[in-house]
Amino acid sequence: MTFWQELQTAIRERHPDAICLGGACYLRLDGGNLAKVESASSGGYYDGLRLTVLNRLSGPVDAVSLRSWDLPHRKRSESTCGENAGWDICRPSPDISALWELAEEYLRLFREPDSEMR
């Protein structure tokens with residue numbers, strides 16, 4: 001499964017009403033806001049998420065990029081590169097569920113305090 005497919009699966013597990021078009025997924029937030037979620041890449045491979053909160057009337061409210069290195073050490077993927085990892089290029093795949101947990105924490109900032117937790 002590709003990074004984008006795994007990301008869509010993680011999003012739809014918690015937000016079945018998410019709309020995924022092209023390379024972005026949109027989620028409804030409180031107060032007429034939407035969250036736009038995109039995969040982020042660096043060095044030629046996907047390693048994070050780009051989140052933008054949009055107000056339907058006034059445009060962008062806030063944006064943040066979350067990368068695999070932003071995860072707490074305990075949540076980082078274990079390297080599966082083998083014993084020659086020091087000599088070879090090793091790019092372990094990011095833990096998408098842990099990245100999405102971090103994204104959910106960010107998106108909670110834009111929800112009403114008494115709104116239902118998803």
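The two of us now take the labels one by one.

Modeller: Ground rules first. This is a predicted model, where local features need pLDDT of at least 70 and side-chain atom pairs count only at pLDDT 80 or more, while totals for chains, interfaces and linings use all residues. Residues are numbered from 1 along each chain as its sequence is written, and side-chain values use heavy atoms, with hydrogens and water left out.

Biologist: How do you know that the span of helix α1 agrees with its 12 residues?

Modeller: The expected span is 1.5 Å times one less than the number of residues. For α1, residues 3-14, that rule gives 16 Å, and the end C-alpha atoms are 17 Å apart, so the two agree.

Biologist: Why is L7 called buried?

Modeller: Buried means under 20% relative accessible area, exposed means over 50%, and partly exposed lies in between (1.4 Å probe, protein chains only). L7 has 0%, so L7 is buried.

Biologist: How do you know that the buried residues of α1 are on the same side?

Modeller: They are F3, W4, L7, Q8, A10 and I11. They cover an arc of only 165 degrees around the axis, so they sit on the same side of α1. The arc is that of the directions from the helix axis to the C-beta atoms. An α-helix has 3.6 residues a turn, so residues three or four places apart point the same way.

Biologist: What do those buried residues pack against?

Modeller: Strands β1, β2, β3 and β4, and helix α2. Contact means heavy atoms within 4.5 Å. L7 shows it: L7 touches V37, E38, S39, L49, I96 and W100, leaving aside residues up to four places away in sequence. L7 and S39 are 32 residues apart in sequence, yet their C-alpha atoms are 7.9 Å apart.

Biologist: Why are α1 and α2 called oblique?

Modeller: They pack at about 50 degrees, with axes 10 Å apart. Axes are lines fitted to C-alpha atoms, for helices over the stretch in contact, and angles run from 0 to 180 degrees between N-to-C directions. Under 35 degrees is roughly parallel, over 145 roughly antiparallel, 65 to 115 roughly perpendicular, and the rest oblique. The pair α1 and α2 is therefore oblique.

Biologist: Which residues make that helix contact?

Modeller: F3, E6, L7, A10, I11 and R14 from α1, with I96, W100, E101 and E104 from α2.

Biologist: What does α2 bury, and against what?

Modeller: I96, A98, L99, W100, A103, E104, Y106 and L107 are buried in α2. The buried residues of α2 pack against α1, β2, β3, β4 and β5.

Notes
Helices (H or I, at least four residues) and strands (E, at least two) are DSSP runs, numbered from the N terminus.
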